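Hi,

Here is the structure I promised to pass on. Have a look at it first, and my notes follow below.

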Amino acid sequence: MARTLILMRHGKSGYPDGVADHERPLAPRGEREATLAGQWLRETQPPIDAVRCSTAVRTRETLAATGIDAPVVFERGIYEASPRTLIELVQLSDDDVSTLLLIGHAPGMPWTAWELAANRNSEQAIELSRKFPTSALAVLEFDRPWADIDPGTGELTHFHVAR
């Protein structure tokens with residue numbers, strides 16, 4: 001079974017005074033863009049079977065704004081995670097999941113997309129390497145079970161910036 005991994009950076013966040021980074025909410029622009037990202041996902045990608053989302057407020061609000069209603073596991077470890085940690089998290093996904101959405105932060109999301117992509121000379125990969133803005137989505141396809149996903153084993157098929 002083919003696998004699709006969608007890596008999404010949270011929407012643009014606000015910076016209220018006295019609020020710790022983990023607790024920062026989305027800015028109005030972030031909510032609009034996350035809504036657009038959800039619309040793009042529904043129109044262009046296979047149905048999402050599962051979501052793994054950082055516990056940060058802005059990632060939770062991003063997920064809510066997308067309108068994606070697949071089963072969700074909130075993972076504190078996504079916050080400030082390295083690509084190796086994120087790849088290990090993906091490798092733990094159930095075999096019956098064919099499309100997984102992972103919502104997190106920079107630099108984890110862009111670095112993980114780059115690490116997993118075998119086609120780093122593609123137009124999508126070059127664009128991703130320049131900038132991975134808020135609400136951006138990297139879509140990678142794999143021809144193997146989640147447990148066998150490693151750096152350089154996926155094809156980056158889309159890089160979409162929701163604006």
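**The sheet and what packs on it**

Six strands make up an open sheet with mixed pairing, in the order β3-β2-β4-β1-β5-β6. At the edges stand β3 (72-75) and β6 (155-161), each with a single partner strand, so one side of each has no neighbour in the sheet. On average, neighbouring strands are turned by 15 degrees against each other, direction ignored.

A few ground rules. This is a predicted model, where local features need pLDDT of at least 70, side-chain atom pairs count only at pLDDT 80 or more, and totals for chains, interfaces and linings use all residues. Residues are numbered from 1 along each chain as its sequence is written, and side-chain values use heavy atoms, leaving out hydrogens and water. Strands (E, at least two residues) and helices (H or I, at least four) are DSSP runs numbered from the N terminus, and two strands pair if DSSP finds at least two bridges between them.

β4 pairs in the parallel sense with β1 (residues 3-9) over six bridges, with T99 as the partner of T4. β2 (residues 50-54) is also parallel to β4, over four bridges, and there V51 partners L101.

β1 and β5 (residues 136-142) pair in the antiparallel sense over six bridges. Helix α1 (residues 28-44) packs on the sheet, touching β1, β4, β5 and β6 (heavy atoms within 4.5 Å).

Cheers

How values were computed:
Axes are lines fitted to C-alpha atoms, for helices over the stretch in contact, and angles run from 0 to 180 degrees between N-to-C directions.
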